[in-house]
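Dear colleague,

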Amino acid sequence: MQTTIGNIGKPSNAACGRCGHNASREINSDRLLAWILQRASARTSHRFEQIDPAVRIAVLIKQVPNPDALAAVMRVDERACRIELPPGHPLVASPFDEQALEAALRLRDQRGAEVKISAITLGPDSAKAVLKQALALGADDAVHIQDAALSEPDSHTSAHALAAAVRKLGGVDLVLTGRQAADRDAGVVALGVAEILQLPAVTFACAIEAAAGALRVDRVLPDGIETVEVALPALVTVSNELGAVRKPNLRETMRAARKPIALWSAADLALAPAQLVAKAMRTGLFVPRKTAQCEVIEGATPAERGAALARRLHAAGLI
Amino acid sequence: MSARDAILIVLEAEGDMLPAAACELVSLALRLKAENSGEVGALLLHEGAPATLEALAARGVDAIFHAAASALGETPPEARLASIQAACAQFNPAIVLLAHDVLGAELGPRLAFRLEAGAVTDCIDVAMTAGLVRCTRPCYGGLAREVIEYAQLPVVATVRSGVCEPAAAAAHAAPRIQALGPIDPAAARVRVVKRERESVEGVRLEDARVIVAGGRGLDGAEGFALLRALAAELGAAVGASRVPCDLGWCPHSWQIGLTGKTVTPELYIAVGISGAGHHMAGCGNAKTIVAINADPDAAIFRDARFGVVGDYRDIVPALTQQVRRLKQDSGAKP
């Protein structure tokens, strides 16, 4: 296993945290101070099999039907209020969540092996695939939340389950996830997790870096970029402007097979009955009807058609 | 204390103007009131300009709460939550409505979890009958619409811009007005370090009556030069679908769609845009869509009122030139 640094400000706590004695440790802002102190201090290596890293990131990942291939194949069952997909339609990690994982990996590129990354998903058996993918990309371990009581989660139950998993992991400094899941497009769960864990949240991130005393995040706004600072622990949602994500390499893929995936139930997460009851009920699902009849502008050449379009728009009083 | 179907809207006004998005929320809240019986309250977050309060009072709400900040643009979203919670505690709303913008998308869900309320975002319709709240919203990248029901109140909903006509000013009974404490940016655990605003040449996308937008079919950044020339003739703003933004052909702030801006122009000219759901989510409410695309089977033609098939490199300059001629012929504006 990797070796990492012992002297991070709270050595008695940090050196062998994963060995069990502080497994119940809550999210802890001292971790940031530790991170900063560590950069300045002389580095001492410890050789434990399992070593507490300096910064722990949890990435929340949702499995969704491949959104890029949806338009051609998706059918809506209006009576059952659900979509129908042809057998074998690929299920993938929501692209925004892939970018959240990429942001975590880039932080580790900056900081080195002291950053430990855990991937968390909530979903059926198939959802394990997004965790395997995250492990192959470089996540260190993974948590699969699965429970019959959570088979049709809404944003309320999802947020409570994911927040409980982050809490159970212990010592998480940074929660990263996509700006919204690419199926429901709601963008609620991440902020719910932040509220439940009482974390500050930064939304729509396009760049994240560790800065002195804080995390520095660039956010995408409608009229430009805003740079904010937030102390850890915190939650950040990542937008597509983060840019391209890396591909798994052979070495990491081989290593991934040996990385642990924990399977946690609602009972493991000690979720209260009220946290398992959805607030929202989907009572309708339909495809909007398109009424516009397209009038195709004719003409011998593209240029003639362009000029004809101008005359048609003018005649219609549109220009 | 209000009736159990009271509606609270949360509005933000930078400077001394009440934005159209705020007036749209007022109009939705007034409709909900007409269909039910509760009062409409508005929480106005402003920068101290009395004109915004007067403009809101002229829209027919029953109660106004207001809280001032010195610079809302530099105030992290979280700093507003205390004021919103204070207004909720006093007004006890069944539904809280916010605009679905960068701010509302964060505040709405946060507030909902604080109030143990339902959280629903990007609604294109909100209705209430007999204590049941029914929200309609796009999902699956704009390919479908879902109806979400809440039997348990309150519900916090964010509403997409352009789905209601903004409420106009009129003579109304004066609302009750209550000032809340000022908004303290230091209450947020996030600190704004700097803000780089992209300067907009000409018309802002959100305000434009005409938009010319380019997509993957432009095949490169150069195509936008042709679009800009057309836009200049039309007095239009230039936008884009997601791919050109991701590929760096144009600034990200030009993006229209599910993860970009929502626009509602009179005329939307889509050039080299296939018409994928996530783009149409941002422009589907345009009054008239014109599609220019080399692929006659492109999905955009199903949304378009007028279509031209062919290479945009030939079509757009000819269109631009003809627009210029028509302008000259009519002697004035197009």
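**Helix packing and chain contact**

In chain B of this predicted model, helix H3 (residues 81-91) packs against helix H4 (residues 102-115) at an angle of about 50°, with the axes 11 Å apart. Helices here are DSSP runs (H or I, at least four residues), numbered from the N terminus, and axes are lines fitted to C-alpha atoms over the stretch in contact, with angles running from 0 to 180 degrees between N-to-C directions. H3(B) and H4(B) are therefore oblique to each other, the class left once angles under 35 degrees (roughly parallel), over 145 (roughly antiparallel) and 65 to 115 (roughly perpendicular) are set aside.

On the H3(B) side, Leu81(B), Ile84(B), Gln85(B) and Cys88(B) meet Leu107(B), Arg110(B), Leu111(B), Arg114(B) and Leu115(B) of H4(B), where contact means heavy atoms within 4.5 Å.

Arg110(B) also meets Glu195(A) through their side chains in a salt bridge (2.6 Å, N to O), and the count between chain A and chain B is 10 salt bridges, each being a side-chain nitrogen of Lys or Arg within 4 Å of a carboxyl oxygen of Asp or Glu. Between these chains, 77 residues of chain A are in contact with 75 residues of chain B.

The area buried between the two chains (accessible area, 1.4 Å probe, lost on being put together and summed over both) is about 6,600 Å², of which carbon and sulfur atoms give 59%.

Residues are numbered from 1 along each chain as its sequence is written, and chains are lettered from A in the order in which they are written. Local features need pLDDT of at least 70, side-chain atom pairs count only at pLDDT 80 or more, and totals for chains, interfaces and linings use all residues, while side-chain values use heavy atoms, with hydrogens and water left out.

Best regards

How values were computed: Helix = DSSP H or I, 4+ residues; strand = E, 2+ residues; numbered from the N terminus.
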